[in-house]
Amino acid sequence: MEIKTLDNLKIGQDAIIDTIDTNDIALKCHLLDMGLTPNTEVTLIKKAPLGDPMEFRLRGYELTLRKESASKIKIKDVHASDTKPRKNYEFHEIEHSQIGENNINKNKLIIKEKVTFALIGNQNSGKTTLFNKLTGSNQHVGNFPGVTIQKTQGIIKQDKNASLVDLPGIYSLSPYSSEEIITRDFLLNEKPDGIINIVDATNIERNLFLTMQLLELDIPIVIALNMMDEVKENNGSIDINGLEDTFRVPVIPISAFKNEGLDELIEHALNVARYDERPKKLDFCKSDNSCAPIHRCIHSIMELIENHAQAINIPSRFAAVKLVEDDKLILEKLRLDENEIKTINHLISEMTNETGLDRYASVCDMRYSFIDELCSKYVSKSSENSFYKLSNTLDKILTGKYSAIPSFLIIISLILYITFGPFGTFLSDKTELIINWFTNIVDSALTSYGLNSVVHSLIIDGIFSGVGAVLSFLPVIVVLFFFLSILEDTGYMARVAFVMD
């Protein structure tokens, strides 16, 4: 019998993930981090015109995969999609109860005046927009030491003693990409006074995977639920109080684009950082369900390595989970002896035998099980409103098998025609007339003044003619970038990337 893989799915079919069959550990962990854990249901939504890449729906969000990556994922129970229309939930305004800050000791003698925050979140979660809103023009751009990845740091506008470091967009704290390693090293070595974790509220299931790892770092943290305006517009609902009660840290609904909730976010962030209010110890691996084997494994490793973790100032739970994930960098830092390593490997072997999953999948399954349970209690999915339906209809045309490439050619041809055709030429001609008019005025003024002929020629024939020739192209460049910004802001550029692979 032929073994089916995810790339064999037809559009509209559902399947259950069986295993990820690859020796590339980095790829395997990346796929697991994205939610492609065993026994997860996925649906193929669409394919690019040439069949690569492919877009899937799982855990309430859409994920695009290269066909080569999808071929590494074995599936079972292939069936026709039975997706039902989403229920139309009513959105209820929820008062923010500040649960995460009830235990602040106001009598502390030492309160931090200068604080540094790390801004962390998934890619495309609105991180850069939030950073720009919070810091304005007070930004310094450089590179992280030893690498070419950009590091942006700025002063928060509401408080000149608070700085913000914009870390690379990541999906987890795994050590398999330079961005992940840089972010983790910054958190573990630089020890920021607080973390602002930006979460895309419209893709909350995927974003909370990183949040769970950040909570294990024992650093004061505030969760910023971004794009709450979109959740509200789509008749969705998120119980903010419920999330705060679970995580025991401030959860602030915001809209970075509309500048909503940012003052409250900074107020709570400054409080938790200056009073050094760390997250309450949470146990995501419950001992009374299918996660019991990994629960026992993690807690046994925590007891074994506790002294080693304290010596290098790393939370024992974070270190224990990373050892289960076979994190070589953490293992090297802990400096365990041979007997301790053998004991840890034995504990992990027992866990994998009981769960039937490998060490990487076991941890991801634990986290996503917790997230699924949490979201089922506190998150109501958005309904398919008129805008969502219009977007889907346009997608069928703009990314369709036969219509995508012709649509792309028509749109690009239209933009080029407007930019370099009659409209662009008209603007360039008008700009050139204005430049010539101003040049003639200056030329007449300099002639009347009797300026030296060499200097006169330098100004008129050199500066004005040279700069004027460049400025005459400015309207064309402005128009071109105007249309490109529209394509970017409407999301069409991302669709072009999907279509053209």
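Predicted model: local features only at pLDDT ≥ 70, side-chain atom pairs only at ≥ 80, totals over all residues.
1. Thr43 stands opposite Arg57, a residue of β3. Strand β2, residues 41-47, and strand β3, residues 54-58, pair in the antiparallel sense, and 4 bridges join them.

2. The pairing of β2 with β3 belongs to an open sheet of 5 strands, whose order is β4-β3-β2-β1-β5 and whose pairing is antiparallel. At the edges stand β4 (61-65) and β5 (73-80), each of which pairs on one side only. From one strand to the next, the twist averages 35°.

3. A separate point concerns the second largest pocket. Its volume is about 560 Å³. The lining of this pocket comprises 31 residues, and those nearest the centre are Glu216, Leu217, Asp218, Lys281 and Pro315.

4. Which helix gives the most to the lining of the second largest pocket? The answer is α9, with 5 residues. Helices that each supply at least two residues of the lining are α4 (178-190), α5 (204-215), α9 (292-311) and α10 (316-324).

5. Among the residues nearest the centre, the reader may wish to locate Glu216, Asp218 and Lys281 in the structure, together with Leu217 and Pro315.

Technical notes. Residues numbered from 1 in each chain as written. Heavy atoms only, no water. 1 Å grid on protein atoms, 1.4 Å probe; cavity = no way out; pocket = protein on both sides within 12 Å on 5 of 7 lines; lining within 4 Å. Points joined across faces, edges and corners; volume = space filled by probe spheres on them. Pairing = 2+ DSSP bridges. Axes fitted to C-alpha atoms, helices over the stretch in contact; angles between N-to-C directions.
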